[in-house]
Amino acid sequence: MRSKGSFSFSFFNISLVLLLQYLPVLCVSQDFNFFYFVQQWPGSYCDTQKSCCYPTTGKPEADFGIHGLWPNYNDGSYPSNCDSSNSFQQSAISDLRSSLQKEWPTLACPSGNGIQFWSHEWEKHGTCSESVLQQHDYFEAALTLKQKSNLLQALNSAGIEANGGSYSLSSIKGAIKEATGYTPYIECNQDSSGNSQLYQVYQCVDTSASNFIECPVFPSGKCGSQIQFPSF
């Protein structure tokens, strides 16, 4: 007859095997192939039927604002909400807060101070990159990437200005590629009259969140051949 000690040892072995079976699943859920670094034009965000609300700190500058830094897979899918135990902590980004308010402003209604926006981005996307970036690193990396890309300057240098005029999609993509070395993805939305306008720019970044790369895959969606660049 099996002794009580043998039974306990066997139960421990079985439990260990089960645990080891699940550990790789947990690790894989936080693996990814590249980042989408996404910036949005505030004039297009606000020039819709839904409109927008300026943050409690006031109207943002007329510049592209960060939307997010999103881990992605090469097949176009992406992980999300990878670690519910690692919630957003304001104290982790206290030294970055003024920069985030300027470069990563919220335009959602009702007016906010950005905390809800940053919290959402960290918990949905940032936690899926925590094998590489902790909270402070994640937000700092996004701020650094914005300075590197300098989208508005890239467009202005090519004569593409936020004046309400229409520009070819190819010229917008070409101006950004000329400045950064890599082809972006352009997302359009519609203004209150139904016109297609420049809304978001997707750039691809390596898994260190340091270097722009050619995109392995682009999101789905389509812009017209001519799109508006509204003022803000």
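The legends below describe close-up views of side-chain contacts in a predicted model. Local features need pLDDT of at least 70 and side-chain atom pairs count only at pLDDT 80 or more, while totals for chains, interfaces and linings use all residues. Residues are numbered from 1 along each chain as its sequence is written, and side-chain values use heavy atoms, with hydrogens and water left out.

**View A. The aromatic pair of W41 and F64**. W41 and F64 form a tilted pair, 5.1 Å centre to centre with 55° between the planes (rings of Phe, Tyr and Trp, the last by its six-membered ring, pair if their centres lie within 6.5 Å; planes under 30 degrees apart count as stacked, over 60 as edge-to-face and the rest as tilted). W41 lies in the loop between β1 (34–40) and α2 (42–46) and F64 in the loop between α2 and β2 (65–72), so the pair ties together parts 23 residues apart in sequence (helices, H or I of at least four residues, and strands, E of at least two, are DSSP runs numbered from the N terminus). Both W41 and F64 are buried (under 20% relative accessible area, with exposed over 50% and partly exposed in between; 1.4 Å probe, protein chains only).

**View B. The salt-bridge network of D63, E103 and K146**. K146 of helix α5 (residues 135–149) meets D63 at 3.0 Å, N to O, and E103 with the closest N and O atoms 2.9 Å apart (a salt bridge is a side-chain nitrogen of Lys or Arg within 4 Å of a carboxyl oxygen of Asp or Glu). K146 is buried at 6% relative accessibility, whereas D63 is partly exposed at 22%.
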